[in-house]
Structures are given as C-alpha cells and as structure tokens.
Amino acid sequence: MGAPWDDPDWYDLHDTTWTAGPEREPEHYRELVIALPPLGPDDHVVDVGTGTGKLARLIAASYPSIGRVTLIEPNRPKLERARKRLGEALPDGRIGTLQGGIGDDAAPAISMPATLVTVGSVVMPTLMLAGGTLADGLAWTRRALGQCLGMLAPGKPLFLLETLAPPWAAAEAGSGCRRLFLPELVRELEGVGFEDVECVYRFRDRVAVRAARP
Ligand SMILES: C[S@@+](CC[C@H](N)C(=O)[O-])C[C@H]1O[C@@H](n2cnc3c(N)ncnc32)[C@H](O)[C@@H]1O
C-alpha cells in the first residue's frame, strides 16, 4: 500500500484537515479537567512543563481548595509568571516551583509525593524539537515518563495532554524524531510501569491520556 496521500479521494478529504486547529484547544484542555478526580486540601498537584501556567490555572479554577501545587518548568521567566498566576488562583494553596525538566539524567526533586501529575503539551513538542532519531526520542520519552511515575504516590494518576503524529509520519525507529502515535505513547507508559492507561479524550491529533501508578 502506498502513502495515504497518494490516494486522490483520501487526499481531497484530508488536505490540511487532519490536524485539529487552535479552535479545538479550549475543548481539549477542558476535557482533561473534566476527566480529573476531585481535588482538595490533601492533594499535591505537580504540573510538569507548566509554561506560564495555563493548564495549572484551569485545574485551580475548578478545584480552588487544592492544598499544594508544584510547578516544574525549565524556563525561569515562564515559571515565575506561572507562579504569580497560580498564587492568584489559589490564595490559600502552597505553591512551589522547580526550574528544570523531565527526561534529563536527574529527575526534578519534588518535596513530597504527588497525588496528581499533569503534563500539558510537553512530550510531543520536545520530541519535535529534539533532532536525532525516533529511537533517541523514545529513549527520552521513557526516561521522562519514568520520572513522572516516580513523582506519584501509589495508585495516583498521571494526565497527559498531547498532539499526536499524523498518520503519514514514518513509523520506523531509525527515522527522524517526531510526535508519537497513540499506541507508541501507551506502550511507553506501560513500559515504565504505569497501569490502567486510557485515552479520555480524542479529536483528530489532540488527545488526553490517563495512566495510574500501581
Ligand atoms: C507547549 S508548552 C505547554 C505549557 C503548558 N503546560 C500548557 O499546557 O500550556 C511546553 C512547555 O514545556 C517546557 N519544556 C521544555 N522541555 C521540557 C522538559 N524536558 N521538561 C518539562 N518541561 C519542558 C517548555 O519550556 C514549555 O514551557
């Protein structure tokens, strides 16, 4: 079978339409928040790759009594902005920051186990920018997800919000690094020890995935 875009019917149907546009972003983030368990004063939420805090703020808006949040982000100015915004959203919450990232040799050292880890649009953008081969990217993904598992208390969930590889991306491990297909992401999650992996939202390339630490 040739590449899908070699088929004129498939091509006319999909030309520029496979990727969900930015108009789907609010729904994507909202559906992740809807899929979360209830959160309150005893919870410690760790938002990895928090950026300027978009996902963390949405969670805080729905659960304003969350007890503790740790924001992890390599970019210092973004981290400071996220902290300020979270402080406004959770005036009674304890908000910690860690400048750093997942997938490096040393995992970010959080002060106490998380009852929820969120990773909003971090894995696939990092893979896209990484260079190297897909095998390199999968090795980084494994390290990064393993570090997320290590942050969680037993039985507690990780939620990932990501945009996947398009169906025409090369599948071979020796090819260039790229976004992952959903089965690849599920395989990596299960490979590092997560269980009950479930896709809780999908629209075209946009997915939210839940996985639990055993
Ligand atoms: C597309 S933004 C998403 C920000 C936020 N989570 C959101 O949903 O809006 C990706 C963020 O991941 C950060 N980042 C890059 N490499 C990272 C890593 N290895 N670990 C954690 N975060 C990383 C970037 O600096 C950037 O702020």
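Figure 1. E80 counts as partly exposed because 15 other C-beta atoms lie within 10 Å; a residue is buried if 20 or more other C-beta atoms lie within 10 Å of its own, exposed if 12 or fewer, and partly exposed in between, with C-beta atoms placed from the backbone. The model is predicted: local features need pLDDT of at least 70 and side-chain atom pairs count only at pLDDT 80 or more, whereas totals for chains, interfaces and linings use all residues. Residues are numbered from 1 along each chain as its sequence is written. E80 is part of helix α4; helices (H or I, at least four residues) and strands (E, at least two) are DSSP runs, numbered from the N terminus. Between E80 and E27 there are 53 residues in sequence and 26 Å in space, C-alpha to C-alpha.

**Figure 2. Packing of α3 against α4.** Two packed helices are described by the angle between their axes and the distance between the axes. For α3 and helix α4 (residues 76–89), the angle is about 5° and the axes are 9 Å apart. Axes are lines fitted to C-alpha atoms, for helices over the stretch in contact, and angles run from 0 to 180 degrees between N-to-C directions. On the α3 side, A56, R57, A60 and A61 meet A82, R85, L86 and A89 of α4; contact requires C-beta atoms, placed from the backbone, within 7 Å. The residues of this contact comprise six nonpolar, no polar and two charged. Here Ala, Val, Leu, Ile, Met, Phe, Trp, Tyr, Cys and Pro count as nonpolar, Asp, Glu, Lys and Arg as charged, and the others, Gly among them, as polar.

**Figure 3. The buried face of α3.** L55, A56, I59 and A60 are the residues of α3 that are buried. Seen down the axis of α3, its buried residues fall within an arc of 135°, so they line one face of the helix; the arc is that of the directions from the helix axis to the C-beta atoms. The cover over these buried residues includes α2 (25–35), β1 (44–48), β2 (68–73), α4, β4 (116–120) and β5 (157–163).

**Figure 4. The shell around the ligand.** The ligand is surrounded by 18 residues, of which G49, G51, K54, G101 and G120 are the closest; a residue is near a molecule if its C-beta atom, placed from the backbone, lies within 6 Å of it. Two or more residues of the shell come from each of α3 (54–62) and α5 (123–130). Six residues of the shell are nonpolar, nine are polar and three are charged.

**Figure 5. Helix α7 and the residue that follows.** The buried residues of α7 are L185, E188 and L189. They cover an arc of only 100° around the axis, which puts them on the same side of α7. Their packing partners are α6 (134–151), β6 and β7. E184 also lies in helix α7 (residues 182–192) and counts as partly exposed because it has 18 C-beta neighbours inside 10 Å. After α7 comes G193, with a positive phi near 115°.

Figure 6. Most residues other than glycine have a negative phi. D196, in strand β6 (residues 195–203), has a positive phi near 50°. R204, in the loop between β6 and β7 (206–212), also has a positive phi near 50°.

How values were computed. Two residues are in contact if their C-beta atoms, placed from the backbone, lie within 7 Å.
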